[in-house]
Amino acid sequence: MADPLKQFEIKPIIPFELAGVDISFTNSALWMGIAVITSILFMMIATRKTTMVPGRIQVIAESMYEFIASMVRDNIGSKGREYFPLIFTIFMIVLMGNMLGMIPYSFTFTSHIAVTLGLALAMFIFITILGFVKHGTHFLSLFCPAGLPWALKPLIIPIEVLSYLIRPITLSVRLFANMMAGHLILKVFAGFSVAMGVTLGILPMFFNVALIGFEFLIAFLQAYVFTILSCIYLKDAIELH
Amino acid sequence: MELESVKLLAAALALLPLFGVGLGLGMIFSSYNEAVGRNPSSAEILDKKFFLTFALTEALAIFALVVSLIILFG
């Protein structure tokens, strides 16, 4: 029986090394490329022939657009319109990563902290730079809530700074851990099926069917949570609070 | 105690946060159901918040699982 952790193994497809740094084309990179190409192709096909009364594919694309647009509107406000493409891209790449990972024998690239921490750090650095560009040093007032008694300042300000700096870590660990734990549980129950034989093994299989449905919910939900938290963090930088 | 047994014990102890997460998830579900039961038209507004809080709370259980796995295999 295969080790349940084996599915997360990164295997180089085209080994490549540059100046001592291993930059092989791996299965992780392959599935990332597939995710990007699928999302671009999907949006292109959906919007190729737009009609007043949308067809099936156009409805999916429009509802996705409207879903993110209303999220940006509710969380950032009218100032957030210029950041809509960024938020939509983040949502699509995370959603595609989670959903493509549900295909048997595929690879879930969002189950690796290297990928999710990269995404979260990119957002975090962008938001921090944006805050300083928009507000200058006044951006630092984010760490000092208005009306704070001076006696509490030495206590509250370090807490605020720490909670700001921990954001990319919680954001990335939440996504990676959810995807990893979910796929791990699927494989563990599949292993039970194999170990229990044909007759009794059907019971864990039924449980696995229910778990796969739950995994699809989690795959969507985690993409949603990653996006909405990025929105909330972006709002902090745009409006301070 | 031997190192191996302490490791197993620590991995089990690391899953203790599940107690709080279970409690929290139960509270989220119960208050969501109660609110929608009292005012069914509020379901649309509450759905998004419900899913967000559900995912945020559930993530804590997963954090505990990751810590446990790190102790076991790390």
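This is a predicted model: local features need pLDDT of at least 70, side-chain atom pairs count only at pLDDT 80 or more; totals for chains, interfaces and linings use all residues.
User: Why is chain B called more spread out than a compact globule?

Analyst: The radius of gyration is taken over C-alpha atoms, and the globule rule is 2.2 Å times the number of residues to the power 0.38. For 74 residues the rule gives 11 Å, whereas chain B has 17 Å, which is well over that value; chain B is therefore more spread out than a compact globule. Its C-alpha trace spans about 60 × 15 × 10 Å along the principal axes.

User: How do you know that the length of helix α2 of chain B agrees with its number of residues?

Analyst: The expected span of a helix is 1.5 Å times one less than its number of residues. For the 22 residues of α2(B), residues 17-38, this comes to 32 Å, and the end C-alpha atoms are 32 Å apart, so the two agree.

User: What makes α2(B) hardly covered?

Analyst: A residue is buried if 20 or more other C-beta atoms, placed from the backbone, lie within 10 Å of its own, exposed if 12 or fewer do, and partly exposed in between. The count of buried residues in α2(B) is zero. In chain B, buried residues make up 8% of the 74 residues; in chain A, they make up 27% of the 241 residues.

User: Why is Gly182(A) called buried?

Analyst: Gly182(A) has 25 other C-beta atoms within 10 Å, and is therefore buried. This residue is found in helix α6 of chain A. Leaving aside neighbours within four places in sequence, Gly182(A) is in contact with Glu215(A) and Ile218(A), where contact requires C-beta atoms, placed from the backbone, within 7 Å.

User: Which residues have the most contacts inside the largest nonpolar core?

Analyst: A nonpolar core is a set of buried Ala, Val, Leu, Ile, Met, Phe, Trp, Tyr and Cys residues joined through C-beta atoms within 7 Å. The largest has 49 residues, and those with the most contacts inside it include Ile87(A), Phe91(A) and Phe226(A). Among the elements that each supply at least two residues are α6 and α7 of chain A and α3 (43-73) of chain B. Helix α7(A) gives the most, with twelve residues. Beyond four places in sequence, Ile87(A) is in contact with Ile68(A), Val72(A), Thr227(A), Ser230(A) and Cys231(A).

User: How many residues of chain A are in contact with chain B, and which kinds are they?

Analyst: Ten residues of chain A are in contact with nine residues of chain B. On the chain A side, the elements giving two or more residues are α6 (167-200) and α7 (202-239). The residues of this side divide into seven nonpolar, two polar and one charged. Here Ala, Val, Leu, Ile, Met, Phe, Trp, Tyr, Cys and Pro count as nonpolar, Asp, Glu, Lys and Arg as charged, and the others, Gly among them, as polar.

Definitions and conventions. Residues are numbered from 1 along each chain as its sequence is written. Chains are lettered from A and ligands numbered from 1 in the order in which they are written. Helices (H or I, at least four residues) and strands (E, at least two) are DSSP runs, numbered from the N terminus. Two residues are in contact if their C-beta atoms, placed from the backbone, lie within 7 Å.
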